[in-house]
Amino acid sequence: LRAGLARADHLRFVYVTMVYGRFNQYIAGWAERARRLGIANLVMAALDDEAYYLCREHLGATCVRGSISVLNKYTAPSRS
């Protein structure tokens, strides 16, 4: 187990969340909390225009545009 953990030291998690609508009011707080915890690898999928603009204001380039869909629970955006 220790040998496996030692090999995994270089791996990092990417935290992904999505937001829209009434939850947009929490974006600033989430961004601040992530900074205080030292989480620099947070990606936020903004599912409406307001969420995207707030996300860009508070998180910068780690925001991606998305749209509201039930498939959001099962897919992640990627670029080819």
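Predicted model: local features only at pLDDT ≥ 70, side-chain atom pairs only at ≥ 80, totals over all residues.
Arg 36 and Glu 32 sit four residues apart in helix α2, so about one helical turn separates them. Their side chains meet in a salt bridge, with 3.0 Å from N to O.

- Through shared partners, salt bridges join Glu 32, Arg 35 and Arg 36 into one network.

**How exposed these side chains are**

- Arg 36 has a relative accessible area of 67% and is therefore exposed, the cut-off for that class being over 50%.
- Arg 35, at 48%, counts as partly exposed.
- Glu 32 is partly exposed too, with a relative accessibility of 32%.

**A salt bridge between distant parts of the chain**

- Arg 65 pairs with Asp 49 in a salt bridge, and their closest N and O atoms are 3.1 Å apart.
- This pair links distant parts of the chain, as Arg 65 belongs to strand β3 (residues 63–65) and Asp 49 to helix α3, 16 residues away.
- Arg 65 has a relative accessible area of 48%, so this residue is partly exposed.
- The total count of salt bridges comes to three.

**Packing of α2 against α3**

- Helix α2 covers residues 27–37 and helix α3 covers residues 49–59; the two pack at an angle of about 30°, and their axes are 9 Å apart.
- Angles under 35 degrees count as roughly parallel, and α2 and α3 are therefore roughly parallel to each other.
- The crossing of the two helices, α2 and α3, is right-handed.

**Residues at the α2 and α3 contact**

- On the α2 side, the contact is made by Ile 27, Ala 28, Ala 31 and Arg 35.
- These residues meet Ala 51, Leu 54, Cys 55, His 58 and Leu 59 on the α3 side.
- By class, the residues of this contact are seven nonpolar, one polar and one charged.

Notes. Residues numbered from 1 in each chain as written. Heavy atoms only, no water. Axes fitted to C-alpha atoms, helices over the stretch in contact; angles between N-to-C directions. Parallel < 35°, antiparallel > 145°, perpendicular 65-115°, else oblique. Left-handed = near helix turned anticlockwise from the far one by under 90°. Contact = heavy atoms within 4.5 Å. Nonpolar A, V, L, I, M, F, W, Y, C, P; charged D, E, K, R; others polar. Salt bridge = Lys/Arg side-chain N within 4 Å of Asp/Glu carboxyl O. Buried < 20%, exposed > 50% of the residue type's maximum accessible area, 1.4 Å probe, protein only.
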